[in-house]
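Me: I've got a structure to go through with you. Can you take some quick questions on it?

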Amino acid sequence: MSDWKRICTLGDVPVLGARVVDSEAHGRIAVFRSSTDEVFAVRDKCPHKAGPLSQGIVHGDTVTCPLHSWKIQLRDGQVVPPDVGCVKHFATRVDQGEVFIAL
């Protein structure tokens with residue numbers, strides 16, 4: 001069973017951008033917001049060379065790592081082929097303008 005933790009308000013996450021939160025158990029987590037106000041959360045570390053995904057370019061429900069342009073699907077943390085790998089994904093929810101992640 002997961003514990004939902006309030007992270008911030010939806011307005012605190014820039015559209016097509018990210019906000020980073022620190023978790024004692026999981027390290028840095030990048031919380032992303034799409035152009036349609038969907039919110040996603042993944043570990044802030046590309047599986048290729050550990051690039052900071054929070055500094056990547058968000059397009060749709062994908063982020064492109066700023067180091068080597070690997071694309072990560074934000075819905076499940078899977079790397080877009082032809083590259084392979086994954087990053088830890090966290091469930092998110094928005095309730096009355098407040099962003100929560102499951103830890």
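Me: Which residue in the turn of the β3 and β4 hairpin has a positive phi?
Reply: D37, with a phi of about 70°. The hairpin has 5 residues between β3 and β4. Strands here are DSSP runs of E, at least two residues long, numbered from the N terminus.

Me: Before I go on, what kind of model is it, and what are the ground rules?
Reply: This is a predicted model: local features need pLDDT of at least 70, side-chain atom pairs count only at pLDDT 80 or more, and totals for chains, interfaces and linings use all residues. Residues are numbered from 1 along each chain as its sequence is written, and side-chain values use heavy atoms, with hydrogens and water left out.

Me: What holds strands of a sheet together, in general?
Reply: They pair through backbone hydrogen bonds, either parallel or antiparallel.

Me: How do β2 and β3 connect?
Reply: Through a hairpin of 3 residues. The two strands pair in the antiparallel sense over 7 bridges. G17 stands opposite R33 in β3.

Me: And at the other end, how many bridges join β4 to β8?
Reply: 2, again with antiparallel strands. V42 has H89 in β8 as its bridge partner.

Me: Is β3 enclosed or open to the outside?
Reply: Largely enclosed by the rest of the structure, because 5 of its 7 residues are buried. Buried means under 20% relative accessible area, exposed over 50%, and partly exposed in between (1.4 Å probe, protein chains only).

Me: What about the largest nonpolar core, how many residues?
Reply: 14. Those with the most contacts inside it are F32, V42, L53, V63, I72 and L74. The elements giving it two or more residues are β3 (27–33) and β4 (39–43). A nonpolar core is a set of buried Ala, Val, Leu, Ile, Met, Phe, Trp, Tyr and Cys residues joined through side-chain atoms within 4.5 Å.

Me: Where does L74 sit?
Reply: In the loop between β7 (71–73) and β8. L74 counts as buried because its relative accessible area is 0%.

Me: What does L74 touch?
Reply: F32, F40, V42, V58, D61, T62, V63 and H89, not counting residues up to four places away in sequence. Contact means heavy atoms within 4.5 Å.

Me: How far is L74 from G60?
Reply: Their C-alpha atoms are separated by 9.0 Å. Along the chain they are 14 residues apart.

Me: New topic: S34. Buried or exposed?
Reply: Buried, because its relative accessible area is 3%. S34 is in the loop between β3 and β4.

Me: Which side chain does the S34 side chain make a polar contact with?
Reply: That of T36, at 3.0 Å. A polar contact is a pair of N or O atoms within 3.5 Å; within protein, one must be able to donate a hydrogen and the other to accept it, and residues adjacent in sequence count only if both atoms are side-chain atoms. Leaving aside neighbours within four places in sequence, S34 is also in contact with V15, L16, F40 and G60.

Me: How many disulfides does the structure hold?
Reply: 0. The cut-off is a pair of cysteine sulfur atoms within 2.5 Å. C46 is in no disulfide; its nearest cysteine sulfur is that of C65, 3.9 Å away.

Me: Is C46 buried or exposed?
Reply: Buried, at 4% relative accessibility. C8 is buried too, at 1%.

Me: Last one. What is the order of the open sheet of 3 strands?
Reply: β1-β10-β9, with antiparallel pairing. Its edge strands are β1 (4–9) and β9 (92–95). 5 bridges join β1 to β10 (residues 98–102). T9 has E98 in β10 as its bridge partner.

Conventions: Helix = DSSP H or I, 4+ residues; strand = E, 2+ residues; numbered from the N terminus. Pairing = 2+ DSSP bridges.
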